Amino acid sequence: MAVRGRDARGRHPRLPRRAAGLVLAVLLTASACSAPADADTSLTVREIDATLERRAAAVLARDPAGYLDALAPDAAKLRAAQRTELANLADVPLKSWSYEVKGITEEDGDWATAEVELRYRIDGYDTAPVAARRTLELMRDGERWYVSADRPAKGASDQLWHQGEVEVVRGAHSLVLGVGRPEEELRQIADTVDLAVPAVSDAWPQPWARRVVVHVPDSVESMAGLLGSPETSYRGIAAVTTGEAGTTGERPALADRVIVNPQAYASLGSFGQRVVLTHETTHVATRTSTSTATPVWLSEGFADWAAYRGEDRTPDLIAPELTGAVRAGDVPAGLPDDKDFGFDGDPAELARAYESAWMACELIAERWGKEKLTAFYAAVGSHPGRDGAVEQAMGSVLDTTPEQFTADWRDYLSTRLG
């Protein structure tokens, strides 16, 4: 799952810690270990599958009795928690909900532990499912298996409905799901995303869903819980986008979610909020053209270009750290590396990395045109690997070389920011 974000000033994140601005190669949908191939285990998987199919059908039917019927009768605490979770989902418009047993990690007579993948889609918004890994403990009573414990798998995270009752606000192009936040706040976010979608579609004319699902948890702590990372990673981050990059036609991309940090987002003015949500929406739009071949400077620079192109701000205001460096005679020698977008170094250097990436995409759009910029982005992402991806795309799309582009970019920085 890739995660990207913007800081509470509406620009790049400024925390000197690992956080959401860097494209993280965290694949939260990886399969668990395979079940042994013996006949007894295969039978167990089929029997557990039958239990989970009934459970999934009850979720879609909004049937509490059917949902609780899949739980161990004497697991009172679990039954109360699961009843609450199902009620929390009541207003979420679900299109599909299913489970797949990925493996049995433990089995002892009438007891088993299974690694399970939950997949669900939101009606009218998701063209592909969201995947969440769960670890289930189960017990057999007679010919049926019952769930006796349900928790996130190791390295996975909870879903929004585990944090409280989900309130749903619909926009023209957006669906905002909030927990513990005022409806007015959720409506304002939906309105801002509704403005972002056509702006992004103009910047990125290639086909995409043109619909965005936003999660608004009640705090930065809850945001971190949804992302499975420490709270300190997100304190200054206004929003992040989650999704799976590097997918192919053989393995479709999973659905994206924009997750808002309510405290940091609320501290922004209207300009910053527009930039944040347009930036994140750009990541949603470009997801299927973003791969492991795409350098971070291109993915983040393009998202900033799309977010700032409709705003009335001069380059020195958008890129103050880089402007200061250029005016002091410290023009960067080259485009930023992936490691320059990490959050364990100098915040000023991190700022210059984001601003340098934005200026690189600005140069391409200004000199070659936005059509060439989007074609360049797509060409890099379609390359089979990182090696040679930028070089080949620069040659075929821009008719230049990385060396010449870097020289042109350095001159461009001096001209625009000096």
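The legends below describe close-up views of one predicted model.

The model is predicted, local features being taken only where pLDDT is at least 70 and side-chain atom pairs only at pLDDT 80 or more, whereas totals for chains, interfaces and linings use all residues. Residues are numbered from 1 along each chain as its sequence is written, and side-chain values use heavy atoms, with hydrogens and water left out.

**View 1. The protein as a whole, with its 14 helices and 10 strands.** Helices (H or I, at least four residues) and strands (E, at least two) are DSSP runs, numbered from the N terminus. Of the 418 residues in the protein, 56% are buried, where buried means under 20% relative accessible area, exposed over 50%, and partly exposed in between (1.4 Å probe, protein chains only). Contact means heavy atoms within 4.5 Å; among contacts between residues at least 6 apart in sequence, 67% join residues at least 24 apart.

**View 2. The open sheet of four strands, in the order E2-E3-E4-E5.** The pairing in this sheet is antiparallel, two strands being counted as paired if DSSP finds at least two bridges between them. Strand E2 (94-108) and strand E5 (144-152) form the edges, each pairing on one side only. Neighbouring strands are turned by 30° against each other on average, direction ignored; the axes are lines fitted to C-alpha atoms, for helices over the stretch in contact, and angles run from 0 to 180 degrees between N-to-C directions. Strand E3 (residues 111-122) pairs with E2 in the antiparallel sense over 12 bridges, and Ile 104 has Ala 114 in E3 as its bridge partner.

**View 3. Strand E8 (residues 212-216) and its parallel neighbours, E7 and E10.** Five of the five residues of E8 are buried: Val 212, Val 214 and Val 216 point one way from the strand, and Val 213 and His 215 point the other way. Strand E7 (residues 174-178) pairs with E8 in the parallel sense over five bridges, with Leu 175 standing opposite Val 213. The chain crosses from E7 through H4 to E8 in a left-handed β-α-β crossover; a crossover is right-handed if, with the strands pointing away from the viewer, the path from the first strand over the helix to the second runs clockwise. Two bridges join E8 to strand E10 (residues 257-260), again with the strands running parallel, and here His 215 has Ile 259 as its bridge partner.

**View 4. Strand E10, covered on both faces.** Arg 257 and Ile 259 lie on one side of E10, Val 258 and Val 260 lie on the other, and all are buried. Strand E9 (residues 237-243) pairs with E10 in the antiparallel sense over four bridges, and in this pairing Val 240 has Ile 259 as its bridge partner.

**View 5. Helix H4 (residues 183-203) and two residues of helix H7.** Buried residues of H4 include Ile 189, Thr 192, Val 193, Ala 196 and Val 200. In helix H7 (residues 270-286), Gln 273 is buried, with a relative accessible area of 10%. Leaving aside neighbours within four places in sequence, Gln 273 is in contact with Gln 188, Thr 192, Tyr 265, Ala 266 and Leu 268. Gln 273 and Val 193 are 80 residues apart in sequence, yet 9.6 Å apart in space, C-alpha to C-alpha. Thr 278, which is also found in H7, is buried at a relative accessible area of 9%; with neighbours within four places again left aside, Thr 278 is in contact with Ala 196, Val 200, Ala 306 and Ala 307.

**View 6. The largest nonpolar core, with its 70 residues.** A nonpolar core is a set of buried Ala, Val, Leu, Ile, Met, Phe, Trp, Tyr and Cys residues joined through side-chain atoms within 4.5 Å. The members that touch the most other members are Ile 189, Val 214, Trp 305 and Phe 376, and helix H11 (residues 347-367) gives the most to this core, with 11 residues. Not counting residues up to four places away in sequence, Phe 376 touches Trp 297, Leu 298, Ile 364, Val 390, Ala 393, Met 394, Val 397 and Leu 398. Apart from this core lies another, of 51 residues, among them Ala 56, Ile 104, Tyr 120 and Leu 175. In soluble globular proteins, nonpolar side chains tend to be buried together.

Notes: The expected span of a helix is 1.5 Å times one less than its number of residues.
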